[in-house]
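Please keep the sequence and the 3D view open as you read.

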Amino acid sequence: MASDTKIICFRHCCSKSIFCKNVPKICPICRSSIVNYNIEPFLVPYPYSNAKDEPTSIIVRPSEGTFLNDYHIGDDLHIGITHSGGIVVEYDKKGLIISDGAQWTNCIAINIIPSSWKNHWTETLKLILKDTKWRSENYHEITMNCFNFVIEFINNLRYIDNKYIYFDNKETMCDKLILPKLQDAVKYNSLFKQLKSTEYVIS
């Protein structure tokens with residue numbers, strides 16, 4: 001996380017949280033000098049990761065731009081998979097793409113397996129990469145896209161959060177896997193944008 005994207009949170013005189021870039025000497029709520037805290041200042045967890053640092057994960061980013069600066073609720077998302085070495089595997093109109101993740105430096109990473117399942121993840125990925133249906137000529141932006149690719153991978157893996165799982169469609173996968181992480185990211189984005197024009201956000 002770059003220093004200019006950090007958000008600090010603390011509580012001083014009441015139950016309200018104060019979000020800021022730098023902790024002030026004077027409380028913006030009670031206007032007294034800050035000597036003690038109700039909750040000590042801490043960094044709000046940064047919701048984005050570099051894909052290469054997130055092996056064996058499902059990864060999500062906006063189809064255009066970045067989450068922090070460009071994303072709005074309802075914008076199209078692109079989804080992919082990292083293998084055990086952090087290499088990105090994705091599917092789009094060009095077909096299957098295996099890359100170093102240069103476009104995935106600020107993505108949402110979702111880890112769904114324990115380390116003991118790493119080999120199974122790798123073998124499942126090898127099998128899906130051999131499937132000829134993921135050629136570029138079969139791509140369709142609605143019926144055969146990156147989400148279909150990841151759903152098939154997960155359904156072949158059949159393991160999420162210590163239980164076997166199967167997704168029927170994109171909506172179910174989004175609700176179960178992506179939405180909780182996306183909600184955290186949207187909250188962070190909102191605070192980040194507010195703190196561009198004001199010194200504090202009180203919540």
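## About the model

This is a predicted model, in which local features need pLDDT of at least 70 and side-chain atom pairs count only at pLDDT 80 or more, while totals for chains, interfaces and linings use all residues. Residues are numbered from 1 along each chain as its sequence is written, and side-chain values use heavy atoms, with hydrogens and water left out.

## Overall layout

The protein has four helices and nine strands. Here helices (H or I, at least four residues) and strands (E, at least two) are DSSP runs, numbered from the N terminus. Along the sequence they come in the order β-β-β-β-α-β-β-β-β-α-α-α-β. Taken along the principal axes, the C-alpha atoms fill a box of roughly 65 × 35 × 30 Å.

Of the 203 residues, 43% count as buried. Buried means under 20% relative accessible area, exposed means over 50%, and partly exposed lies in between (1.4 Å probe, protein chains only). Among contacts (heavy atoms within 4.5 Å) with a separation of 6 or more, 61% come from residues 24 or more positions apart.

## The nonpolar core

A nonpolar core is a set of buried Ala, Val, Leu, Ile, Met, Phe, Trp, Tyr and Cys residues joined through side-chain atoms within 4.5 Å. The largest one has 46 residues, and those with the most contacts inside it are Ile58, Ile79, Ile112, Phe153, Ile154, Met173 and Ile178. At least two residues of this core come from each of β4 (58-62), α1 (67-70), β5 (77-82), β6 (88-92), β8 (108-110), α2 (118-129), α3 (146-157) and α4 (170-197). Helix α4 gives the most, with ten residues.

The expected span of a helix is 1.5 Å times one less than its number of residues. For the twelve residues of α2 that should be 16 Å, and the end C-alpha atoms are 17 Å apart, which agrees. Which residues of α2 are buried? They are Trp121, Thr122, Thr124, Leu125 and Ile128. These residues cover an arc of only 165 degrees around the axis, so they sit on the same side of α2; the arc is that of the directions from the helix axis to the C-beta atoms. Asn119 and Leu127 are exposed on the other side. The buried residues of α2 pack against β4, β5, β6 and α3.

Helix α3 also has twelve residues, reaching 17 Å from first C-alpha to last, close to the 16 Å expected. Nine of its twelve residues are buried, so α3 is largely enclosed by the rest of the structure. The buried ones are Cys146, Phe147, Phe149, Val150, Ile151, Phe153, Ile154, Asn155 and Leu157. Their cover includes β4, β5, β6, β7 (95-99), α2 and α4.

## Aromatic pairs

The whole structure holds ten aromatic pairs. Rings of Phe, Tyr and Trp (its six-membered ring) pair if their centres lie within 6.5 Å; planes under 30 degrees apart count as stacked, over 60 as edge-to-face and the rest as tilted. Tyr46 and Tyr188 have ring centres 5.5 Å apart and planes at 80 degrees, so this pair is edge-to-face. It links distant parts of the chain, 142 residues apart: Tyr46 is in the loop between β3 (39-43) and β4, and Tyr188 is in helix α4. Tyr188 is buried, at 2% relative accessible area.

Trp121 and Phe153 also form an edge-to-face pair, because their ring centres are 4.8 Å apart and their planes stand at 75 degrees. This pair connects helix α2 with helix α3, across 32 residues, and both partners are buried. Ring pairs also join Tyr46, Tyr48, Phe67, Tyr71 and Tyr188 into a cluster.

## Cysteines

How many disulfides are there? The count is zero, taking a disulfide as a pair of cysteine sulfur atoms within 2.5 Å. Cys27 is in no disulfide, and its nearest cysteine sulfur, that of Cys30, is 3.7 Å away. Cys27 is buried, with a relative accessible area of 0%.

The sulfur of Cys107 is 13 Å from the closest cysteine sulfur, in Cys146, too far for a bond. Cys107 is buried, at 0% relative accessibility.

## A buried loop residue

Thr56 lies in the loop between β3 and β4, and at 9% relative accessibility it counts as buried. Leaving out residues up to four places away in sequence, Thr56 touches Thr82, His83, Ser84, Asn111, Ile113, Lys118 and Trp121.
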